[in-house]
Amino acid sequence: MSDKFVRAIRIDEIAPGGMKTVEIDGREIVICNSGGAYYAVQRRCGHMNAALELGTLDGQYLTCGMHCAQFDIVTGQALSGPVPADLGNESPPPKLAEFLQHAGMQMKHVRTESIRTYETKLEAGWVLVAP
Amino acid sequence: MDAESRKKALHYFFDKVVDPLGFKFTPDVELMDFLLEQEVMLEGKHGIPFCPCQPLRHDRARDMQIVCPCIPFHRKHFDAIRRCWCGLFVHKDVIDPDSLPQLSPKDVGLE
């Protein structure tokens with residue numbers, strides 16, 4: 001166990017199923033309340049760096065709000081990549097189509113990586129994190 | 001990505017969807033495991049866990065109707081056969097899933 005635990009947030013600052021971002025030692029960390037158990041993960045999505053606290057937490061599963069990549073907050077494992085978007089049946093305007101083609105080509109090479117987790121513990125009404 | 005972890009996550013999410021619909025995972029654990037594994041593979045390929053027992057038609061509107069759990073899109077049919085098409089889900093009162101044949105909508109008078 002790391003002895004570098006620091007106070008991150010008060011326990012009552014996040015309801016079960018909620019998430020909150022803190023910055024500790026220059027690291028952006030999301031504290032997750034999973035049914036009264038607290039976990040800490042890196043803020044940036046392992047897919048395209050979106051802010052994970054803007055996603056949803058269900059049990060131990062965090063879904064990124066940007067492309068719906070999913071992660072296990074206990075292990076940090078990436079569980080699934082982005083969900084394909086529905087672009088509808090109509091063709092986009094030529095300029096947008098060109099951009100989408102370019103973005104699609106780049107995104108084909110993007111991998112969804114697992115996210116970093118941090119140790120947590122509870123003490124005197126606080127969630128402590130070892131950054 | 002680890003298939004076992006993903007299977008566990010799909011189980012967690014699917015259970016929440018099918019339970020209010022009166023369905024549960026098949027008691028045949030081996031079949032459940034096999035079907036979930038196929039879905040993880042399909043999700044890895046297409047980004048979506050489609051039903052492993054129905055063909056993709058590459059028509060989004062139709063393909064969305066076979067995203068697991070697809071029970072709401074085939075409710076009458078699955079209620080009639082007391083299971084979903086591939087057998088991953090069965091009615092909550094089913095204890096012997098092998099006793100439920102895979103009957104088509106036509107077989108049960110729905111077409």
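The model is a predicted one, in which local features need pLDDT of at least 70 and side-chain atom pairs count only at pLDDT 80 or more, while totals for chains, interfaces and linings use all residues. Residues are numbered from 1 along each chain as its sequence is written, and chains are lettered from A and ligands numbered from 1 in the order in which they are written.

Helices (DSSP runs of H or I, at least four residues) and strands (runs of E, at least two) are numbered from the N terminus. Within helix 2 of chain B, the residues Leu35(B), Leu36(B), Glu39(B), Val40(B) and Glu43(B) are buried. Seen down the helix axis, these buried residues fall within an arc of 150 degrees, so they line one face of helix 2 of chain B, the arc being that of the directions from the axis to the C-beta atoms. They pack against strand 8 (78-80) of chain A together with helix 1 (3-18) of chain B, where contact requires C-beta atoms, placed from the backbone, within 7 Å of each other.

Helix 1 and helix 2 of chain B pack at an angle of about 105 degrees, with their axes 9 Å apart. The two helices of chain B are therefore roughly perpendicular to each other, a label given to angles of 65 to 115 degrees, with those under 35 called roughly parallel, those over 145 roughly antiparallel and the rest oblique. Helix 1 of chain B contributes Ala3(B), Arg6(B), Lys7(B), Leu10(B) and His11(B) to this contact, and helix 2 of chain B contributes Leu36(B), Glu37(B), Glu39(B) and Val40(B).

Just after helix 2 of chain B, Gly47(B) takes a positive phi of about 85 degrees. In chain A, Asn49(A) also has a positive phi, of about 70 degrees, although it is not a glycine; Asn49(A) sits in the loop between strand 4 (37-42) and strand 5 (56-58) of chain A and is exposed, with 11 other C-beta atoms within 10 Å. Further along chain B, the peptide bond from Cys68(B) to Pro69(B) is cis, with omega near -5 degrees, and Pro69(B) belongs to the loop between helix 3 (60-63) and helix 4 (75-81) of chain B.

Technical notes
Buried ≥ 20, exposed ≤ 12 C-beta atoms within 10 Å, placed from the backbone. Contact = placed C-beta atoms within 7 Å. Axes fitted to C-alpha atoms, helices over the stretch in contact; angles between N-to-C directions.
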